[in-house]
Amino acid sequence: MKHLILTSFLVVALCGSHHVACLESSQLGGTSSSHHVWNNVSFIGTQPFAGIMKGAADECDVVMNLSANQRCEFVKNTPDCSREDGFINYPRFTFCQFSPRLLPLAITIYAVWLLFLFLALGLAASKFFCPNLSAISSTLRLTHNVAGVTFLALGNGAPDVFSAMAAFSRPQTAGLAIGALFGAGIFVTTVVAGSVALVKPFTVASRPFLRDMVFYMAAVFWTFTILYKGHIALAEALGYIGLYMVYVATVLISAYIYNYRKRSIIGPTPAHTPDLLTSDEYSESLNKSIQTYDDEYQPLLPHTLTTSQIFLGSLKPVDSRKWRRKSWGWRLLKVVKIPLEVLLLLTVPVVDPDKEDHNWNRPLNSLHIVTGPLVCILTFNAGQYGLYRIQGGFPVWALVVLIGVFLAAIVFCSTTNEQPPPYHFLFSLLGFVVSALWINTAASEVVSVLHMLGIVFSLSNTVLGLTLLAWGNSIGDLFSDTLIARQGYPRMAISACFGGIIFNMLFGVGLGCLLQMFGGHHEVKFEPEGLLCWILSGALGLSLVLSFVLVPLQCFHLTRAYGIFLIVFYCVFLLVALLTEFGKIHLGTL
């Protein structure tokens, strides 16, 4: 599905050359502009690290205006073409390693690579990042409500938030952040919510729905106001985080009042049912019967495995019985994911409080003490710190390995295979950090690839953000929430639709701008330059207002007709956005 969407979009993009920028941000206090001439091609650019965030002013954009034999030399001598946060310099790789006739092959490779990166984002978040966050919340003994709106929201929104932060970190890709956050918001509140209503018409819980709508509309309106003002100060960036804290407090207070009134009416209940459920929690309940079935295959007599058997068994990515039960499509996808899973298993520890041994694996966890910090030092800031040589001699990564081997030997020799040590919960913290850096690395590569596609096809960062980046980060929500609704839990699905995007918007913009300010930008400026940015903002605001008005008018009952209306709304918005990007709709025609 992702491949078909991506391929069709790239084909459409070949027909367009109109470049629309959504925003720019700059450091308050002067920029360093200069006029450049490259082989009779004149353009205006800015000096590197002058604080300018302007997709349309990216000097690397003009490379497609040059002749084929001049492009390689141009990208080698242009700072904007070399300013990449990832491990691969995509402009140089494209124009220096591929001849002009092989440019379609390079684009095909990037399309496949982009799908692989989105797969890595989802896998690292769902299988490694979220479980460790759950373990941390259990260790801290947080309630379901607190965990749901803090750690669980961070786990579910990790790809979106890290992608936004990666986009904000570079001048040429800032438009991707707003485009992706707004585009994902429209996609989730229309296509995903509409699909849930189509699959299973239901009556939504009125107060949680209105609460989430009010907070999300406040976040969108705040962002729209900042775009209109053209700048964001430190207090306003902190205000994004503060608004989410208010949202968390509102959820907790409303849950307390609800439970208090419930106890006063029907008395104390023996068990507490959490108000916030996710697709992961539902998947666990679905898998209980499968786990019971698998328990029948356990040996009747106790059998002690050797250390090597425990280690090799932990690296087995799929059970043979489960493999036989799955379809061919699932098997094909699993084959693609196996290298990723093995790499993550070797580097990211996972603590599971629900298991009797908390997922303790003595040989593998000992190895994690070496590989985990090594991944951190080699992925942080594209490995610049890991490759640094102490006094020009001993590399930092080698020092990290030596320290890791020493600590791993202590852990291995002082523990047993059967009983986890008292400090096992510390592995969840290590797993949280390592998986977060893996996600950040994949997100940085996604942003760099999309930036490269924008250069080749003369597409703005905004349209790439609201389409490819938003689809890649949200397509999993569409499938999982639709599955949950089909299984008879539509309220859970619609709650997941709105709860996650509030966190993504507030933390994506807030943390992204704060990182720029901490890097020396006292004030970040946003200057919308095209109609597309306002269409994107207006469409998201309109969709939320329509839902806020129409759903109560239907007595909070979401019908199939309303689901069709939401999907049609998104299709119309997407058509208008693409026509605006390709120059068919502009201010002169309105």
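Analyst: What follows covers the aromatic residues, then the cores and the backbone around them.

This is a predicted model, in which local features need pLDDT of at least 70, side-chain atom pairs count only at pLDDT 80 or more, and totals for chains, interfaces and linings use all residues. Residues are numbered from 1 along each chain as its sequence is written, and side-chain values use heavy atoms, with hydrogens and water left out.

Start with the rings. The structure holds 19 aromatic pairs. Rings of Phe, Tyr and Trp (its six-membered ring) pair if their centres lie within 6.5 Å; planes under 30 degrees apart count as stacked, over 60 as edge-to-face and the rest as tilted. One of the pairs is Y244 with F503. Helices (H or I, at least four residues) and strands (E, at least two) are DSSP runs, numbered from the N terminus. Both Y244 and F503 are buried, meaning under 20% relative accessible area; exposed is over 50%, and partly exposed is in between (1.4 Å probe, protein chains only). Y244 and F503 also sit in one aromatic cluster with F215, Y247 and F507.

Now W360 and F427. Their ring centres lie 6.1 Å apart with planes at 70°, so this pair is edge-to-face. It too links distant parts of the chain: W360 is in the loop between α14 and α15, F427 is in helix α17, and 67 residues separate them. W360 and F427 are both buried.

Look around this second pair. N359 is in the loop between α14 (328-347) and α15 (362-379). N359 has a positive phi of about 65° without being a glycine. Most residues other than glycine have a negative phi. N359 counts as partly exposed because its relative accessibility is 26%. S428 lies in helix α17 (residues 426-457). S428 is buried, at 2% relative accessible area. Not counting residues up to four places away in sequence, S428 touches N132, A135, I136 and V351; a contact means heavy atoms within 4.5 Å.

Two rings carry a charge. The charged end of R331 sits over the ring of W328, 4.7 Å from its centre. K326 lies over the face of W330, at 5.6 Å from the ring centre. The test is NZ of Lys or CZ of Arg within 6 Å of the ring centre and within 35 degrees of the ring normal.

Next, the cores. A nonpolar core is a set of buried Ala, Val, Leu, Ile, Met, Phe, Trp, Tyr and Cys residues joined through side-chain atoms within 4.5 Å. The largest has 133 residues, and M505 and F573 touch the most other members. Helix α17 gives the most to this core, with 16 residues. Leaving out residues up to four places away in sequence, F573 touches I186, L466, I535, L536 and A539. A second, separate core of eight residues includes V351, I369, V370 and V411.

F556 lies in the loop between α20 (531-553) and β10 (557-558). Phi of F556 is near 65°, a positive value in a residue other than glycine. F556 counts as buried because its relative accessibility is 16%.
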